[in-house]
Amino acid sequence: MRILEGPAARSSVSTLAGRADDLDKVSNKVRRIVNNVRGDGDHALRKYAQRWDGLAENEAGRVDPAEISNAWRQVSSEFRSALRHAAINIRQFAIWQKPKAWMRTQNGISVGQVIRPLASVGCYVPGGRYPLPSTLLMTVIPAQVAGVKRICVVSPQPRMEALAAAALLGIREFYRVGGAQAIAALAYGTETIPRVDKVVGPGNVYVTSAKKLVAFDCSIDFLAGPTEIVIVAHRGKPLIIASDLVAQAEHDPEAVIVFITTSAQLARNVATSVTSLARNNSVARLSLADKGVILLASSRREAVDWANRLAPEHITLEQDLPLLRNAGSVFVGDYSPTAAGDYASGPNHVLPTGGLARCRGGLTVSDFLKVITVQRLTKAGLRNIAPMVETLAEAEGLKAHAQSVRVRYANA
């Protein structure tokens, strides 16, 4: 990893803060794929799936439910146990997060909210480089806790582990498609894949660009991918710090890997440990060489300021949590590896990337719910606020608004 300080470090922060622009590099290609699937449906989807997703010519795009059930029996008992326990923690966290309906009454006016689930969601589970059953758990379970009736999964070349996770959660609608073409199918529908109300889940730059493109036609969670990590530490064990950097680096050659510190000695030691740990990890070496950087800050305050400007997907801190404003998910202390959050601690691992943590956190049960406001006014309640309503309506030139209030109590 490069070690930068002074103007070079500040320039790197500015460049990384604008990393969302990287999606523009593939936007034209993605637009063609999305438009083709939107226009030609299954014909285009199958063409792309055979070209990029490994779908055989005579292979069904939808996974047979019997294959999903068989996958559960074929994986090891140890893996089944790990899935069950991870699912318990993820489900409990989603239950704790779930917003509640409420009503409050004051001066004859009752206001509140009711909670309703979305009707359908599509969960994108990456599967090209690695099988990610953990992402299936992270996307499906909050939807189930929310009460979504139709939950479907798309994944390129789904492996036994992902199908086993689907079996555990009772998912029967699973398609062997991925990439931008899968996002287009979910957003617009094809002959075999009915459209959904919302698409969620992380993916590579093509998947993320496609989500951005369809966002005005189909709801999405947010832009999630490629992965990112920022670690801010000024002391500690270099091997522990390096292990988290390499762990996220192995996800994708486009991963963004940043270590911020005020200690030049720690910077050098972490760089050495990263090189050692990534020696036999080809994907990690690519991302570390391209987008891995160690930034030497002049003060602890500057270190946290840089982290806030980067607004990373994952951030690890030894302290300074009160100063942190922007992050998808935060990991505090030596015994909180990002891998714990990736799999089993409970909080969701589907997190905003590209600096979008400036405006939101990770996937939650609320992403699958609609909060609908409710109002009920009594005659006295309306009379109490009628002068305000009439005055404001007439100030805006909306006389019929004022009249709709006036006729209710003038003739009572």
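A: The account below starts with the helix and then moves to the parts around it. The model is a predicted one.

The helix is α9, which spans residues 205–214. Seven of its ten residues are buried, so α9 is largely enclosed by the rest of the structure. The buried set consists of V205, V207, T208, S209, A210, K211 and V214. Buried here means a relative accessible area under 20%.

The buried residues of α9 pack against both helices and strands. The helices are α2 and α8 (179–188). The strands are β4 (120–124), β7 (198–200) and β8 (219–220).

Helices α2 (27–40) and α3 (42–52) each supply at least two residues of a positive patch. The patch gathers K29, R32, K47 and R51 on the surface. Of these residues, K47 is found in helix α3. K47 is partly exposed, with a relative accessible area of 36%.

A further helix, α6 (residues 133–146), holds Q144. Q144 is partly exposed as well, because its relative accessible area is 24%, a value between the 20% limit for buried and the 50% limit for exposed. Leaving aside residues up to four places away in sequence, Q144 touches R91, I151, L169 and I171. The C-alpha atoms of Q144 and F331 are separated by 26 Å, and the two residues lie 187 residues apart along the chain.

Key
Residues numbered from 1 in each chain as written. Predicted model: local features only at pLDDT ≥ 70, side-chain atom pairs only at ≥ 80, totals over all residues. Heavy atoms only, no water. Patch = residues over 30% accessible without salt bridge, like charges linked within 9 Å, V, L, I, M, F, W, Y side chains within 5 Å. Areas by Shrake-Rupley, 256 points an atom, 1.4 Å probe, with all protein chains shown as cover. Salt bridge = Lys/Arg side-chain N within 4 Å of Asp/Glu carboxyl O. Lys, Arg positive; Asp, Glu negative; His and termini not counted. Charge placed at Lys NZ, Arg CZ, Asp CG, Glu CD. Helix = DSSP H or I, 4+ residues; strand = E, 2+ residues; numbered from the N terminus. Buried < 20%, exposed > 50% of the residue type's maximum accessible area, 1.4 Å probe, protein only. Contact = heavy atoms within 4.5 Å.
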